[in-house]
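This report describes the fold of one protein for a reader who is new to structural analysis. Please consult the sequence and the structure shown here while reading.

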Amino acid sequence: MGFESTELFLKIFISSWQTARIYNIEHRLFLESLEKTYTRLRVVFDGEKELVIGILDEELASGEDIFFELSRKVAKTITYFKKLGIERIVFHEDVSKEELTKFISFLIIPIDEIKHTPQEYLSFSGIKNIEVGKIKAADGDFPEEETKEETEFKHYQDSLKKLSNLLDGVLNNNTVDDLNLKFITNDIMDNLKDGYQIFSKLKEVKSYDMTTFTHLLNVSILAIYFAHKLSFSRDDCLDIGVAGLFHDIGKLYIAKKIIQKKGKLDEGEFDKIKSHTVLGAEILLSHIDVLSILPVVVAFEHHLQYNLEGYPKLFFPHKINVVSSIIAICDVYDALIQRRSYKRDYSPETIYEIMIKDKGRRFDPKLLDVFFKIMGVWPQRTIVRLEDGRIAIVKQENEDDIFSPIVEVVDGGPKELVDLKIRKEVKIKQSLNPLTEGKKYLDLI
Ligand SMILES: [Fe+2]
Ligand SMILES: [Fe+2]
């Protein structure tokens with residue numbers, strides 16, 4: 001199934017759908033166009049048993065091909081599919097012209113008149129060789145005999161469910177950095193590694209480079225928390241977390257000595273590091289049946305930057321997926337928080353300054369503002385020195401004043417909770433590094 005051939009079929013298919021919309025399915029123009037579509041479809045099969053089209057986020061995809069350019073042109077069509085809840089269309093090789101016509105006549109029904117799910121409609125209309133549904137086939141959209149792969153898929157889903165229950169706890173308690181959660185995520189991946197190939201990749205990352213592995217866990221958890229605060233649904237939060245878990249998977253294919261190099265990278269080495277985006281997307285593409293297309297998109301886009309001046313270099317206009325923008329923020333935030341071989345240990349106020357400087361360039365300005373509203377300049381549990389010399393621990397952010405959290409005084413005065421938003425005369429002077437001058441207060445956090 002060639003890229004051009006599938007892309008051409010999609011173009012003709014969509015234009016014939018538009019023709020049906022403007023005229024009707026009896027009209028000569030539609031019949032001509034349908035003839036072309038059907039002929040084209042037969043060519044696309046090229047000996048294969050089925051053609052699977054994926055529709056997720058802003059893109060149309062098939063197999064390993066993502067039709068970025070076409071997707072931009074038919075953005076409205078993609079929105080329509082999304083509204084219908086169609087993320088995947090499967091054309092089986094025995095599909096008839098009549099079935100194709102019926103499918104198109106379903107697609108021209110005004111959305112508010114549709115009373116059944118698309119798959120129900122197709123089945124009720126007697127269409128056997130076209131199926132539609134969600135990308136993840138676990139909802140019974142594609143009832144077939146259960147294969148070994150499907151059993152493993154269910155296993156994966158069950159584990160995700162367990163993980164998602166745990167996440168609920170995190171989300172409800174509003175705690176971001178939950179060590180326990182990291183251990184449990186780690187255990188789940190341990191259990192999955194034999195059953196599911198892609199998770200063994202994560203295990204490889206762990207033994208290959210522990211810093212990258214920890215970073216993947218951190219970004220994942222941070223992104224879930226951020227997405228939750230942005231009011232994404234619980235399921236979406238989980239998908240975003242999974243995308244975070246795999247965003248740097250391409251690093252597995254870059255020499256360890258470059259990844260862990262302490263000094264400055266030379267140009268060639270930097271180019272190698274940059275290739276982790278494309279490499280990662282390529283690896284994940286072969287697992288879209290399990291992971292959906294989202295991790296592929298995020299791996300590819302997470303260094304593109306808001307102004308598209310990052311990498312990989314693109315030679316066509318492109319709109320970055322919002323999830324990639326979310327991951328990009330969490331990614332840099334975590335990289336700055338962790339002590340890295342090539343960076344100094346930054347204080348929260350320095351991290352804030354560094355990131356805010358890149359607002360509108362590297363980062364989506366609106367998202368970045370919301371991010372710091374949620375995180376505050378000083379995240380919960382930061383040890384701070386107040387301007388009057390007292391030492392306090394940050395307990396809770398004030399979303400409408402990110403510089404004035406609620407803190408608990410632990411030294412230099414009586415123990416008390418102070419809401420810096422109300423007590424305007426009390427201000428934070430600086431944070432204390434928990435590994436050096438703040439060390440003696442660690443037990444109090
Ligand atoms: Fe990366
Ligand atoms: Fe990263």
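## Contacts of Ala 223

Leaving aside residues up to four places away in sequence, Ala 223 touches Ile 240, Gly 241, Gly 244, Ile 326, Ile 327 and Cys 330. Two residues are in contact if their C-beta atoms, placed from the backbone, lie within 7 Å.

This is a predicted model, in which local features need pLDDT of at least 70 and side-chain atom pairs count only at pLDDT 80 or more, while totals for chains, interfaces and linings use all residues. Residues are numbered from 1 along each chain as its sequence is written, and chains are lettered from A and ligands numbered from 1 in the order in which they are written.

## Overall composition

The secondary structure of the protein comprises 19 helices and ten strands. Helices (H or I, at least four residues) and strands (E, at least two) are DSSP runs, numbered from the N terminus.

Of the 445 residues in the protein, 34% are buried. A residue is buried if 20 or more other C-beta atoms lie within 10 Å of its own, exposed if 12 or fewer, and partly exposed in between. Among contacts between residues at least 6 apart in sequence, 61% join residues at least 24 apart.

## The nonpolar core

In soluble globular proteins, nonpolar side chains tend to be buried together. A nonpolar core is a set of buried Ala, Val, Leu, Ile, Met, Phe, Trp, Tyr and Cys residues joined through C-beta atoms within 7 Å.

The largest nonpolar core contains 87 residues, and those with the most contacts inside it are Ala 223, Ile 326, Ile 327, Ile 329 and Cys 330. Helix α10 (residues 210-229) gives the most to this core, contributing eleven residues.

Two packed helices are described by the angle between their axes and the distance between the axes. Axes are lines fitted to C-alpha atoms, for helices over the stretch in contact, and angles run from 0 to 180 degrees between N-to-C directions.

The axes of helix α16 (residues 294-301) and helix α17 (residues 322-337) come within 9 Å and cross at roughly 55 degrees. Therefore α16 is oblique to α17; angles under 35 degrees count as roughly parallel, over 145 as roughly antiparallel, 65 to 115 as roughly perpendicular and the rest as oblique. Leu 294, Val 297, Val 298 and Glu 301 of α16 make the contact with Val 323, Ser 324 and Ile 327 of α17.

Helix α11 (residues 234-246) and α17 have axes that come within 10 Å and cross at roughly 55 degrees, which means that α11 is oblique to α17. Here the contact involves Ile 240, Ala 243 and Gly 244 of α11 and Val 323, Ile 326, Ile 327 and Cys 330 of α17.

## Two open sheets

One open sheet has five strands in the order β3-β2-β1-β4-β5, with antiparallel pairing. Its edge strands, β3 (65-66) and β5 (130-133), each pair on one side only. Two strands pair if DSSP finds at least two bridges between them. Strand β4 (residues 88-92) runs antiparallel to β5 and is joined to β5 by four bridges, and the bridge partner of Val 90 in β5 is Glu 131.

Another open sheet of five strands has the order β9-β8-β7-β6-β10, and the pairing is antiparallel. The edge strands β9 (416-419) and β10 (428-431) each pair on one side only. Three bridges join β6 (residues 383-386) to the antiparallel β10, where Ser 431 stands opposite Val 384.

## A loop residue

Asp 388 lies in the loop between β6 and β7 (391-396). Asp 388 is exposed because it has 12 other C-beta atoms within 10 Å. The C-alpha atoms of Asp 388 and Ile 428 are separated by 8.8 Å, although the two residues are 40 apart along the chain.
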